[in-house]
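Morning, everyone. Today I want to talk about salt bridges. Let me put the structure up.

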Amino acid sequence: MLCLPMQHLKIYLDGKFVDEPDAKVSVFDHGLLYGDGVFEGIRFYNGRIFLFEEHLDRLYDSAKAILLTIPMERKALREATLETCRQNGLRDGYIRLVVTRGKGDLGLNPNKCKQPTVFIIAATIELYPENLYTEGLRVNTVPTQRISPSALSPAIKSLNYLNNILAKIEGNLYGAHESILLNQQGFVAECTADNIFVVKQGKIFTPHVSDGALGGITRRLMFELAREMDREILEANLTRYDLFVADELFLTGTGAEVVPISEVDGRKIGPGRAGAVTEEFIRRFRERTQKTGVPIY
Ligand code: PXG
């Protein structure tokens with residue numbers, strides 16, 4: 001039997017492409033020490049990066065909001081991202097674009113960090129199994145509340161995800177596929193890495209960003225797809241009650257895409273599987289992913 005050498009992923013790290021085992025950052029990097037940095041999760045489908053400019057916009061805005069200067073012009077960062085996909089010969093997959101405050105000392109003062117760290121990973125991603133896109137996810141609301149926008153704006157896609165991770169751990173303890181976080185007023189905010197939508201009597205609702213939801217790029221696409229469907233999405237203060245009595249519920253996110261919810265806190269939602277409106281969003285979303293995006297090759 002012919003044994004081929006194992007192919008390592010090529011990682012972009014501070015201007016160079018390195019094999020994954022050599023892609024290392026300092027233990028003094030404030031991204032690691034304090035979660036001081038920003039990131040994007042981006043998908044590419046059929047040889048095209050999906051909603052690439054929208055993700056770059058959000059990355060630069062997140063960085064600006066924490067006074068972190070990304071040490072690359074947008075054009076260079078765009079090209080480095082495309083080249084990372086090419087170096088790995090991928091046509092479908094997931095990109096993780098990360099900018100940290102860089103190496104500093106053991107104090108948290110970011111002024112000690114002279115050079116931000118930039119790395120880009122392009123890899124394949126394991127989605128939820130296809131059956132869940134018809135059968136739906138079991139989700140739970142969890143005790144951990146979404147961090148208040150006045151404490152840390154959920155609009156900033158920072159490396160500080162402990163709030164979401166604690167919620168995820170709690171959902172895992174319930175055996176849930178995902179966790180729903182409420183805010184301090186008891187309104188539904190979002191899931192750990194997804195936005196949430198409610199369908200009720202033909203109308204569609206989603207939490208306000210000010211209720212603690214990230215302004216998801218997939219969320220924004222839903223507003224556009226709804227217009228195509230002659231439907232309207234309303235931003236609203238939603239409670240657990242609204243989830244329990246919904247006709248349909250679904251989640252959106254770069255990783256999860258558009259995925260139905262069948263159960264919340266052990267209660268069956270609507271038909272207990274993907275409803276007609278959710279299915280229409282899934283169909284239109286998939287069409288977009290296959291037909292649009294920035295070509296890699
Ligand atoms: N809320 C939060 C807290 C997120 O982190 C979303 C909503 C959905 O936003 P987008 O723009 O993706 O539609 C996110 C997205 C991961 C992962 O690895 C997380 C995200 C995106 C991709 C992958 O779990 N966050």
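Predicted model: local features only at pLDDT ≥ 70, side-chain atom pairs only at ≥ 80, totals over all residues.

Start with Arg288 and Glu228. Their side chains form a salt bridge, 2.5 Å from N to O.

Which other arginine does the Glu228 side chain meet? That is Arg284, in a salt bridge of 3.0 Å, N to O. Arg284 lies in helix α8, and Glu228 in helix α6, which spans residues 217-228. Those two are 56 residues apart.

These pairs belong to something wider. Salt bridges with shared partners join Glu224, Glu228, Glu280, Arg283, Arg284, Glu287 and Arg288 into one network.

Next, another pair on helix α8. Arg286 forms a salt bridge with Glu130, and the closest N and O atoms are 3.1 Å apart. What does this pair tie together? Glu130 is in the loop between β6 (117-123) and α4 (132-135), while Arg286 is in α8, residues 276-291, so the bridge connects parts 156 residues apart in sequence. Arg286 is partly exposed, with a relative accessible area of 29%.

And the overall count? How many salt bridges does a search of the whole structure find? The answer is 22.

Terms used
Residues numbered from 1 in each chain as written. Heavy atoms only, no water. Salt bridge = Lys/Arg side-chain N within 4 Å of Asp/Glu carboxyl O. Helix = DSSP H or I, 4+ residues; strand = E, 2+ residues; numbered from the N terminus. Buried < 20%, exposed > 50% of the residue type's maximum accessible area, 1.4 Å probe, protein only.
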